[in-house]
Amino acid sequence: MPIPTRLILASAITAAAAFPAAAQNVAVTFGTNWVAQAEHGGYYQAVADGTYAACGLDVTILPGGPQVNNRALMLAGQVDFSMGGSTLDGFSAVAEGLPIITVAASFQKDPQVIVTWPGVAKTFADLAKLDKVLISDGGVLTFWAWMIQAYGFKPEQREVYTFSAAPLIANKTWGMQGYLSSEPYFFEKETGTKPDAWLIADAGYTAYSTTIETLTDTVANRPEVVQCFVDGSAIGWTNYLYGDNSAANEMIKKDNPEMTDEAIAYGIAAMKEHGIVFSGDALTMGAGAMTDARVEDFYNKMVSVGAVQEGLDWKASYTLQFVNKGVGLDRKPAE
């Protein structure tokens, strides 16, 4: 279904009012870290409604996937910005000596959850009493290690998560890691029962997520491009969650034909309900907000569980130069 021209035109006029007169458009590519979905909606929105174009950028979104490494493409000079998974990616860039820096954090909360059958637990701490918890290899040294330390989970509770909900469906006293808008959605579709989804961020896991990364050289030599992309993304997220997102959703479905309107709606509702984009500092500083205190807190937590080496120059992993300016908040309705 083509994007209605009148919709794009009207949105572009609105977006243009947010920026000074744009210079000649600069071609920019943004590589995501997975296939197109609602969790990428703010970027698609800023393309669809002309927000990026209003400040001089011609943005192409390059979807990621299991066989795509857009971060590597950025290091090779083929991508200008890439989507990081979490604050940990910034730490790893410093540890590995990569010239990559985080310039914004689109998600104030990591969408990682523990999924359980409804009523199995009353608090996150109760989850430590589950018989088993399905955790992927990638989570063992990070959020699972933190859960062991902070809440008393036991290493022997862990069963390997192979990205199948079958073990959880068969065992009502188990838990399973998941992504807020993915595993709970498919669990409900398969069982007809709405599960409980326990957001690890709400339990104290303070990583930022869905970060915007670029090369340190880009920050040094093209700061106006970085500022436009960060501001445009902040406005895009506000418009996507609280405005007309139909054009952006058509773009998402074009890039990912397996995506459905139902799944997109579920993702948007989950992000809004749980404050994934707008909570904490983002409520007053705008989408993409970051603070030194928050990054330091997460750094200390990861050092304490051995996920990050003590003494790492964590301040080199990000910059606050382009965020915390309240961009887009005038478009967000009062709650």
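Predicted model: local features only at pLDDT ≥ 70, side-chain atom pairs only at ≥ 80, totals over all residues.
Visitor: What makes β5 and β9 a pair of strands?

Guide: Two strands pair if there are at least two bridges between them. Four bridges join β5, residues 112–116, to β9, and the two run antiparallel. The count meets the cut-off, so they pair. Thr116 stands opposite Asp196 in β9.

Visitor: Why are β7 and β9 called edge strands?

Guide: The five strands form an open sheet in the order β7-β6-β8-β5-β9, with mixed pairing. β7 (158–160) and β9 each pair on one side only, so they are its edge strands. Neighbouring strands of this sheet are turned by 35° against each other on average, direction ignored.

Visitor: How do you know that α6 packs on the sheet?

Guide: Contact means heavy atoms within 4.5 Å. α6 touches β5, β6 (132–135), β7 and β8, so it packs on the sheet. The direction of α6 makes about 130° with that of β6. Another helix, α8, lies across β5, β8 and β9, at about 120° to β8.

Visitor: Why does Asp196 count as lining the second largest pocket?

Guide: A lining residue has an atom within 4 Å of a pocket point. Asp196 is listed among the lining residues, so it has such an atom. This pocket has a volume of about 220 Å³. The largest share of its lining, four residues, comes from α12.

Notes. Residues numbered from 1 in each chain as written. Heavy atoms only, no water. 1 Å grid on protein atoms, 1.4 Å probe; cavity = no way out; pocket = protein on both sides within 12 Å on 5 of 7 lines; lining within 4 Å. Points joined across faces, edges and corners; volume = space filled by probe spheres on them. Axes fitted to C-alpha atoms, helices over the stretch in contact; angles between N-to-C directions.
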